[in-house]
Amino acid sequence: MKIETLIRPDLLDLKPYSSARDEYTGKEGVFLDANENPFENGVNRYPDPLQKELKEKISVLKKVNSSQIFLGNGSDECIDLLIRLFCIPGKDKIASISPSYGMYKVSAKINQVELTEILLNEDFSLNMDRLIDGAKNSKIIFICSPNNPTGNAFSKSDICTVLENTDTLVVIDEAYIDFSSEESMISELSNFPNLVVLQTFSKAYGLAGLRLGMMFGSEEVISWINKIKPPYNINQLTQNTALAKLTEVEKVNDQIKIILAERQRISGELQNIPSIDYVYPSDSNFILIKVKDSNKLYNYLVLNKIIARNRHGQPLCDNCIRITIGTVEENDVMLDKIKEFND
Ligand SMILES: *Cc1c(COP(=O)(O)O)cnc(C)c1O
């Protein structure tokens, strides 16, 4: 398949903005080309527009070529840029599974693109026929795995089946992949030119406040995204902090282990609480539970200064509450309070 046939035709002849840092990429010299303030303070120079040093580190960690990596101001910027590159406003459509992450819909709406929501099965598994059929007239299909808010991951073979049976771009949002027993789809990039994988520094890497998202795709898709991106979308402080974080991946892995152990402990404890009807299995850093009246439990928790996410009203999530795994101490407070709840 040719990616060019999916891209917005009016963008095919776009001449991207060429910044001073694009036109001269050397590091040594007297820099009088970008109208910067010459007095050194750590951020007086424009940052590397393509974040080469950071991408090289990510390339080693994720075992994917630097030319197949794009970095965004959060995954949310990646989602927006993908929709903008592929969809003609007022004409093209995208699809996503449902229930899922809310930003696909918001980003679609902002870009005047219609979103087809394709319902999962009752047990939150992919309904393959419905998915492949429902995505037929779409430019992009977003599949979040592990999925938010349901918590479950989809199997690699199911996702490959979708890829094999569709001509659209398939975006797998792996924000929670570090907590999952399923392997990342990054290893399938060489088999599918229409596959894009999103990951983020916001969850397992503990840098939600930084805003740094990763997009992995074919060299072709990534070079097109680079053409439409804001020139300096990743600031110098973000690049520095992420580089420092990547020197302590072991510490990140230790934290993931603690969160996974807590997930197992909390799941077990929640299952023994009579007021909870169901505890869904989780491949992520949160647990979805079903109760008799989620508004009542939610308000009770807020009164006790415990803030969870009420997902009642989302498809297939009647009376469901999503609880993020906190520290051991935080989880204990949460468990104690839910045990005292009378519905
Ligand atoms: C949290 C989350 C993200 C992260 O978005 P950022 O913009 O990188 O913080 C992406 N996708 C899903 C499904 C999420 O839940």
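Asn233 is found in the loop between α7 (219-228) and α8 (236-245); helices are DSSP runs of H or I with at least four residues, numbered from the N terminus. The model is predicted, with local features needing pLDDT of at least 70, side-chain atom pairs counting only at pLDDT 80 or more, and totals for chains, interfaces and linings using all residues. Residues are numbered from 1 along each chain as its sequence is written, and side-chain values use heavy atoms, without hydrogens and water.

**Asn233**
- Asn233 counts as buried because its relative accessibility is 11% (buried means under 20% relative accessible area, with a 1.4 Å probe and protein chains only).
- A distance of 9.8 Å separates the C-alpha atoms of Asn233 and Gln51, which are 182 residues apart along the chain.

- Thr200 has a polar side-chain atom 2.6 Å from an oxygen atom of the ligand.
- For Asp173, a polar side-chain atom lies 2.7 Å from a nitrogen atom of the ligand.
- Asp76 places a backbone N or O atom 3.2 Å from an oxygen atom of the ligand.
- On its own the ligand has 390 Å² of accessible area, and the protein covers 93% of this (Shrake-Rupley method, 1.4 Å probe).

**Ligand shell**
- There are 13 residues around the ligand, of which Tyr176, Thr200, Ser202, Lys203 and Arg211 come nearest (a residue is near if one of its heavy atoms lies within 4 Å).
- By class, the shell holds four nonpolar, five polar and four charged residues, with Asp, Glu, Lys and Arg counted as charged and Gly among the polar ones.

Note on methods: Polar contact = N/O pair within 3.5 Å; in protein donor to acceptor, adjacent residues only side chain to side chain. Helix = DSSP H or I, 4+ residues; strand = E, 2+ residues; numbered from the N terminus. Buried < 20%, exposed > 50% of the residue type's maximum accessible area, 1.4 Å probe, protein only.
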